[in-house]
Amino acid sequence: MTFGYPWAALVTVAALAVYVFTFMRVATARGQYKVEAPAITGNLDFERVFRVQQNTLEQLVLFLPLLWLFAAIWGDRWALIGLAWPVGRLMYAFGYYQAAEKRGMGFAVTALTSFALLIGVVVGAVVRGF
């Protein structure tokens, strides 16, 4: 049996790799900034690292189902559009690690990617049906 969605799977792995990167950064930051678990406040540099990880987790909940629905409706190759999402999350992370006001462009890339997938799913559901 052949797996019919290799590109959607690749995008999923890329998105999950970004998430793994963010939670590893939190673990490192705990030691670096001396923020003992379960604390999540007390050092603004740590709090930014923690917020990146939490925001990425929150966005994954929306992104992954949209990606797979989009691939199922429009075809696997079109799922490559989703590669913009992990790129945007990395832009978001590295911007936010520097300063909260530097996260905007990465957020925009992430949000626009999810929005494009959402529009694609809705249009595909109406035009093609499920």
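Me: Where is D76 found?

Reply: D76 sits in the loop between α2 and α3 (84–98). Helices here are DSSP runs of H or I of at least four residues, strands are runs of E of at least two, and both are numbered from the N terminus. This is a predicted model, in which local features need pLDDT of at least 70 and side-chain atom pairs count only at pLDDT 80 or more, while totals for chains, interfaces and linings use all residues. Residues are numbered from 1 along each chain as its sequence is written, and side-chain values use heavy atoms, with hydrogens and water left out.

Me: What makes D76 a residue without a salt bridge?

Reply: A salt bridge requires a side-chain nitrogen of Lys or Arg within 4 Å of a carboxyl oxygen of Asp or Glu. For D76, the nearest side chain of opposite charge is R77, 7.1 Å away; Lys and Arg count as positive and Asp and Glu as negative, with His and the chain ends not counted. Contacts of D76 beyond four places in sequence include G4, Y5, W7 and A71, where contact means heavy atoms within 4.5 Å.

Me: How many salt bridges does a search of the whole structure find, and why is the pair R48 and D45 called one?

Reply: The search finds two. The closest N and O atoms of R48 and D45 are 2.7 Å apart, so the pair meets the salt-bridge criterion. R48 and D45 are three residues apart in helix α2 (residues 44–74), which means that about one helical turn separates them. Side chains of opposite charge can pair when their charged atoms come close.

Me: Why is R48 called buried, and what is D45 called?

Reply: Buried means under 20% relative accessible area, exposed over 50%, and partly exposed in between, with a 1.4 Å probe and protein chains only. R48 has 16% and is therefore buried. D45, at 32%, is therefore partly exposed.

Me: What makes the largest nonpolar core a core?

Reply: A nonpolar core is a set of buried Ala, Val, Leu, Ile, Met, Phe, Trp, Tyr and Cys residues joined through side-chain atoms within 4.5 Å. The largest such set has 16 residues, and L60, F63, L67 and L117 have the most contacts inside it. The elements giving two or more residues to this core are α1 (6–33), α2 and α4 (104–127), with α2 giving the most, eight residues. A second, separate core of eleven residues includes V26, V52, Y92 and Y97. In soluble globular proteins, nonpolar side chains tend to be buried together.

Me: Why is K34 called exposed, and what is its phi?

Reply: K34 has a relative accessible area of 69% and therefore counts as exposed. Its phi is positive, about 55°, although K34 is not a glycine. K34 lies in the loop between α1 and α2. P38 is also found in the loop between α1 and α2, and a cis peptide bond joins A37 and P38, with omega about 10°.
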